[in-house]
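Please look over the sequence and the model first; the sections below then go through selected features.

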Amino acid sequence: MAFSAIFRSFNSSFFLKNSINHLKNPPKTPLGHLYLSTMKFASSNLKQTNQAQEVPSLAFQFREYMLTKLKQVNEALEEAVPLQHPIKIHEAMRYSLLGNGKRMCPTLCITSCELVGGDEELAMPLACALEMVHAMSLIHDDLPCMDNDDIRRGKPTNHKVFGECIAILAGDALLSLAFEHIASKTKNVSPDCVVRAIAELGSAIGSRGVVAGQIVDIDSEGKEVSMKTLEYIHVHKTAKLLEASAVCGAIMGVADDASIERLRKYARSIGLLYQVVDDILDATKSSEELGKRAGKDLASNKATYPKLMGIDEAKKFAAELVEQAKKELASFDSAKAVPLFHLADYIASRQS
């Protein structure tokens with residue numbers, strides 16, 4: 001089975017033996033999805049990319065890093081969406097926004113900003129906006145007219161609790177608040193950078209981004225889908241928001257264009273990786289393990305990577321995506337980039 005041309009030539013042997021093995025034998029930790037990665041990014045790995053660099057991964061506590069970012073983002077989100085009049089709409093917004101999320105988009109935004117020399121304070125309004133957009137996309141994606149899901153993050157979906165009308169409006173309110181929040185709360189960043197970030201986020205979620213992926217996904221249900229179409233769906237439906245997270249963070253840190261594009265490519269790789277792993281988990285895990293309905297893609301006759309490639313080939317493709325993502329980090333300061341190395345491995349080995 002041939003992969004997309006942009007990934008076809010990569011040697012996946014190292015990651016097939018390491019990162020992807022976690023899909024079969026996940027490490028045991030008290031905090032489940034935020035396990036402490038202790039894989040050493042050895043020189044043998046980096047020689048495969050001809051970009052040797054020393055990554056001090058064993059000294060880096062990934063779980064603690066993610067938990068710290070999650071706590072800071074949660075506090076900022078709590079403040080950004082207080083419970084106020086009208087109570088019902090704000091309850092619905094907070095229900096999905098403040099739930100048990102991984103906060104991957106906000107963390108990627110903040111980490112990318114820090115990578116290029118910025119700090120968390122510069123990126124936090126955008127990080128919150130990204131989580132608002134993500135929550136909106138999940139609310140709408142779960143609706144009966146879309147994926148018709150009853151469970152999200154281990155609890156009833158928004159429309160199951162508040163009804164379809166309120167769920168739709170809660171998603172709409174979160175989307176509009178996201179852009180208001182960027183414009184009103186971003187401090188000590190030039191207006192040009194703020195406008196550039198707003199344009200990036202708007203493009204990522206519109207008719208050339210998430211919506212594009214969603215519409216092609218809907219149109220493809222029950223049909224024979226090519227690998228090219230499947231990749232288009234998930235580059236747009238899933239990867240675009242992660243791209244925007246990395247790019248917007250870098251913009252807030254006033255990165256040069258070359259650095260921004262490297263982070264865009266990194267985020268596109270881990271975004272596609274996220275979907276490949278999601279497809280594998282949907283085919284191999286229970287609803288209790290995932291915190292959402294398992295097997296829904298098979299039930300709705302959707303095209304997935306395991307369906308088109310088989311489980312083993314999908315895992316190999318995931319390994320290639322991990323390698324490709326890490327290649328894009330080679331030119332950055334290794335100490336600052338280490339969270340992003342770990343993030344790629346975390347996505348590859350996640351179990352929910």
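## Cysteines

C145 is exposed, because its relative accessibility of 61% lies over the 50% cut-off. C128, in contrast, is buried, since its relative accessibility is 1% and buried means under 20%. The model is a predicted one.

The number of disulfides comes to 0. For C128, the nearest cysteine sulfur belongs to C109 and is 9.4 Å away. A disulfide requires two cysteine sulfur atoms within 2.5 Å, so C128 is in no disulfide.

## The chain as a whole

The protein chain contains 18 helices and 2 strands. Of its 352 residues, 57% count as buried. Its accessible surface comes to about 15000 Å², and carbon and sulfur atoms account for 53% of that area.

Contacts in the chain can also be sorted by separation in sequence. Among those between residues at least 6 apart, 76% join residues at least 24 apart.

## The largest nonpolar core

The largest nonpolar core has 94 residues. The members that touch the most other members are L108, M132, L201, Y266, Y305 and L343. Helix 7, which covers residues 120-141, gives the most to this core, with 13 residues.

Leaving out residues up to four places away in sequence, L108 touches L242, S245, A246, Y266, A267, I270, L340 and L343. Two of these, Y266 and L343, are themselves listed with L108 among the members that touch the most others.

## Aromatic pairs

How many aromatic pairs are there in the model? The count is 3. One of them joins F62 and Y346 in a tilted arrangement, with 5.8 Å from centre to centre and 50° between the planes. This pair links distant parts of the chain: F62 belongs to helix 4 (residues 62-80) and Y346 to helix 18 (residues 334-349), and 284 residues separate them. F62 counts as buried because its relative accessibility is 1%. Y346 is buried for the corresponding reason, with a relative accessibility of 1%.

Another pair, Y95 with F162, is edge-to-face, at 5.5 Å centre to centre and 75° between the planes. This pair also links distant parts of the chain, from Y95 in helix 5 (residues 87-97) to F162 in helix 8 (residues 158-162), 67 residues apart. Y95 has a relative accessible area of 18%; buried means under 20%, so Y95 counts as buried.

## Charges over rings

The ring of Y95 has a further partner. The charged end of K155 sits over this ring, 3.9 Å from its centre. Y95 is therefore a buried residue that takes part in an edge-to-face pair and also has a lysine charge over its ring.

I260 is part of helix 13, which covers residues 257-284. Is I260 buried or exposed? Its relative accessible area is 1%, so I260 is buried.

Apart from neighbours within four places in sequence, I260 is in contact with R196, V247, A250, I251 and A255. I260 and G249 are 11 residues apart along the chain, and their C-alpha atoms are separated by 9.1 Å.

## Backbone details in loops

A cis peptide bond joins H85 and P86, with omega at about -10°. P86 is placed in the loop between helix 4 and helix 5.

Which residues have a positive phi although they are not glycines? R103 is one of them, with a phi of about 60°. R103 lies in the loop between helix 5 and helix 6 (104-115), and its relative accessibility of 1% is why R103 counts as buried. N148 is another, with a phi of about 55°. N148 is found in the loop between helix 7 and strand 1 (151-152). With a relative accessible area of 40%, N148 is partly exposed, because this value falls between the 20% and 50% cut-offs.

Terms used:
Residues are numbered from 1 along each chain as its sequence is written. This is a predicted model: local features need pLDDT of at least 70, side-chain atom pairs count only at pLDDT 80 or more; totals for chains, interfaces and linings use all residues. Side-chain values use heavy atoms; hydrogens and water are left out. Rings of Phe, Tyr and Trp (its six-membered ring) pair if their centres lie within 6.5 Å; planes under 30 degrees apart count as stacked, over 60 as edge-to-face and the rest as tilted. Helices (H or I, at least four residues) and strands (E, at least two) are DSSP runs, numbered from the N terminus. Buried means under 20% relative accessible area, exposed over 50%, partly exposed in between (1.4 Å probe, protein chains only). A charge sits over a ring if NZ of Lys or CZ of Arg is within 6 Å of the ring centre and within 35 degrees of the ring normal. Contact means heavy atoms within 4.5 Å. Accessible areas come from the Shrake-Rupley method with a 1.4 Å probe; for residues, only the protein chains shown count as cover. A nonpolar core is a set of buried Ala, Val, Leu, Ile, Met, Phe, Trp, Tyr and Cys residues joined through side-chain atoms within 4.5 Å.
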